[in-house]
Amino acid sequence: MNITRRDLMLGAAAFGLMNIAAQLPAFAQDPDAKPEKTDLMLGVGGKPLFYYLPLTIAERLGFFEEQELNVTVNDFGGGAKSLQALIGGSVDVVTGAYEHTLRMQHRGQDIKAICELGRFPGICIGVRSDLADEIKTIADLKGRNIGVTAPGSSTSLFLQYAMIKNGLAADDASIIGVGGGASAVAAIKKGDIAALVHLDPVITKLEVDGDIKILLDTRTEEGTRALFDGTNPAAIVYMQQSFITANPVTTQRVVNAFVKALNWIHNATPDEVADAVPEEYLFGDRELYKTGFVKSRAMYSEQGLIAEDGFKSMYDMLKKLDPDLADSDLKFSQTFDPRFVEYANI
C-alpha cells in the first residue's frame, strides 16, 4: 500500500494525530497546488563557497525545476549586500547568515529563516604561515589587517566575536573585505593581510599550499562548541514574512528543493560533489576540492531545522557585539518558521 504525503496530511487532520497540517499555511501542503510565483530572484554572497553548497546543488541538479520554480541567482559581494537586496525588493529569497534575521527582527523588519543549511559556521581563522611565529593566538591579531569576505558579513562578525572572547575589543584589528574566492586566496599569497577569516574551499586551498596555519576551525562540532559553547546556525534560507504569507506554496517548494539538496549532500561521495559543481569552483584542483568537502560535510544541516540552543548561541553572540541588541528581547519564533521544513521532511 503506497501512502502519499496527501494521505498523511489528510489523515493527520482528520484524526488529530499530528498538528502539522493545521500549522501549515493554507494550500502549502497540497502537492497539486501551483506555486503562486514561479520566477524567483535569489540573492547570495559568495556562491562558490562550501557555505552555500546546498544552493549550488539545488540549482545544478535541477531540484528547483522539479518544484516548478525558475530561480535566477544573483551572487553579491557579501551577505550584507544580499540582505540589502531583499529589503529593497530586488530579490525574493536569500541564502545568507542566520544573524541577519535577528538583526532585522530587532529593527522591525519581519524577516524569517525558513530552512537551515549549515548547523556549524564552517568558518576558519588562518594566519599567514610566515607570521605563524608571531601570531599564535587570537589575541595576537591585535593591530593586524585581517581579511573577511566583506565588512558586515558573517565572517566579519565571527572575527569580532572571537576577538572579544579572547580579551580584545571588536575593533582591535583592521577588517578588510577580500571577497569570496580567488581574490581571498590572492590577498594571502600577496601578503596584503596578516590573517584570513574564511571558508572552504578557500581555506583548504591555502592550507594545502602551505600559505596559512589554522588558529580556529568551526567546520566541526568540537571547534564550534569551543568558541560558542553550543551549536551556531550558519547559512540559512530567509524571506520577508510578507512574501511567505502571500506565497505559501512557492515558499514550500523552495524549502523542498533545499531539503532535497541537504539530503543529497549527506549521501553523496566527494567525487559526486566535485562533478556537480561548476569547474571554476575547483580552483583547478579537483582533489583539493574533494578534501575541502570532506572536512566541511559535518557542518551541513541534517534536516534543515534550526535548534533553539543554536538561536540562543547566536543571540548571545550578537548581544555581546552590538550595543543596540544588548537589552533586546527576541523570541526564537520571530526568527525561524519551521513549518515548511517539517512538511518537507515527512
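Does Lys 331 belong to a class that is buried, partly exposed or exposed, and what is its relative accessibility? At 44% relative accessibility, Lys 331 counts as partly exposed. The legends below return to this residue among other close-up views of what is a predicted model.

**Figure 1. A salt bridge joins Lys 331 and Asp 329.** The closest N and O atoms of Lys 331 and Asp 329 are 3.1 Å apart. Lys 331 is partly exposed, at 44% relative accessibility. Asp 329, in turn, counts as exposed, with a relative accessibility of 58%. Side chains of opposite charge can pair when their charged atoms come close. The structure holds 27 salt bridges, and the pair shown here is one of the salt bridges.

**Figure 2. Asp 130 and Arg 128 form a salt bridge.** In this pair the closest N and O atoms lie 2.9 Å apart. Asp 130 is exposed, its relative accessible area being 55%. Arg 128 is buried, with a relative accessible area of 13%, because that value is under the 20% below which a residue counts as buried.

**Figure 3. Asp 200, Glu 207, Asp 217, Arg 219 and Lys 295 are linked in a network of salt bridges.** Within this view, Asp 217 forms a salt bridge with Arg 219, and the closest N and O atoms of the pair are 2.7 Å apart. Asp 217 is partly exposed, with a relative accessible area of 23%. Arg 219 is buried, its relative accessible area being 3%.

**Figure 4. Five strands form an open sheet in the order E7-E6-E8-E5-E9.** The pairing in this sheet is mixed. Its edge strands are E7 (174–177) and E9 (212–217), each of which pairs on one side only. On average, neighbouring strands of the sheet are turned by 25° against each other, direction ignored. Strands of a sheet pair through backbone hydrogen bonds, either parallel or antiparallel. Strand E5 (residues 124–128) and strand E8 (residues 195–198) run antiparallel and are joined by 4 bridges. Opposite Ala 195 in E8 stands Val 127. Helix H8 (residues 182–189) lies across E5, E8 and E9 and runs at about 160° to E8.

**Figure 5. A further open sheet of 5 strands has the order E2-E1-E3-E10-E4.** Here, too, the pairing is mixed. Strand E2 (70–76) and strand E4 (111–116) are the edge strands, and each pairs on one side only. From one strand to the next, the twist averages 30°. Strand E1 (residues 39–45) and strand E3 (residues 93–97) run parallel, joined by 3 bridges. Leu 42 stands opposite Val 93 in E3. Helix H12 (residues 248–267) lies across E1, E3, E4 and strand E10 (235–240), and its direction is at about 35° to E4.

**Figure 6. Cys 115 and Cys 124 are shown as buried cysteines.** The relative accessible area of Cys 115 is 0%. Cys 124 likewise has a relative accessible area of 0%. A disulfide is a covalent bond between the sulfur atoms of two cysteines. The count of disulfides in the model comes to 0.

**Figure 7. Helix H7 (residues 154–165) is largely enclosed by the rest of the structure.** This helix has 12 residues and reaches 16 Å from its first C-alpha to its last, close to the 16 Å expected at 1.5 Å a residue. Of the 12 residues of H7, 9 are buried, and the helix is therefore largely enclosed by the rest of the structure. The buried residues are Ser 154, Thr 155, Ser 156, Leu 157, Phe 158, Leu 159, Tyr 161, Ala 162 and Met 163. Gly 167 follows H7 and has a positive phi, near 85°.

**Figure 8. Ser 313 lies in helix H15 (residues 308–321).** Ser 313 is buried, with a relative accessible area of 7%. Apart from its neighbours within four places in sequence, Ser 313 is in contact with Phe 228, Thr 231 and Asn 232.

Note on methods: Residues numbered from 1 in each chain as written. Predicted model: local features only at pLDDT ≥ 70, side-chain atom pairs only at ≥ 80, totals over all residues. Heavy atoms only, no water. Pairing = 2+ DSSP bridges. Helix = DSSP H or I, 4+ residues; strand = E, 2+ residues; numbered from the N terminus. Axes fitted to C-alpha atoms, helices over the stretch in contact; angles between N-to-C directions. Contact = heavy atoms within 4.5 Å. Disulfide = S-S within 2.5 Å. Buried < 20%, exposed > 50% of the residue type's maximum accessible area, 1.4 Å probe, protein only. Salt bridge = Lys/Arg side-chain N within 4 Å of Asp/Glu carboxyl O. Expected span 1.5 Å × (residues − 1).
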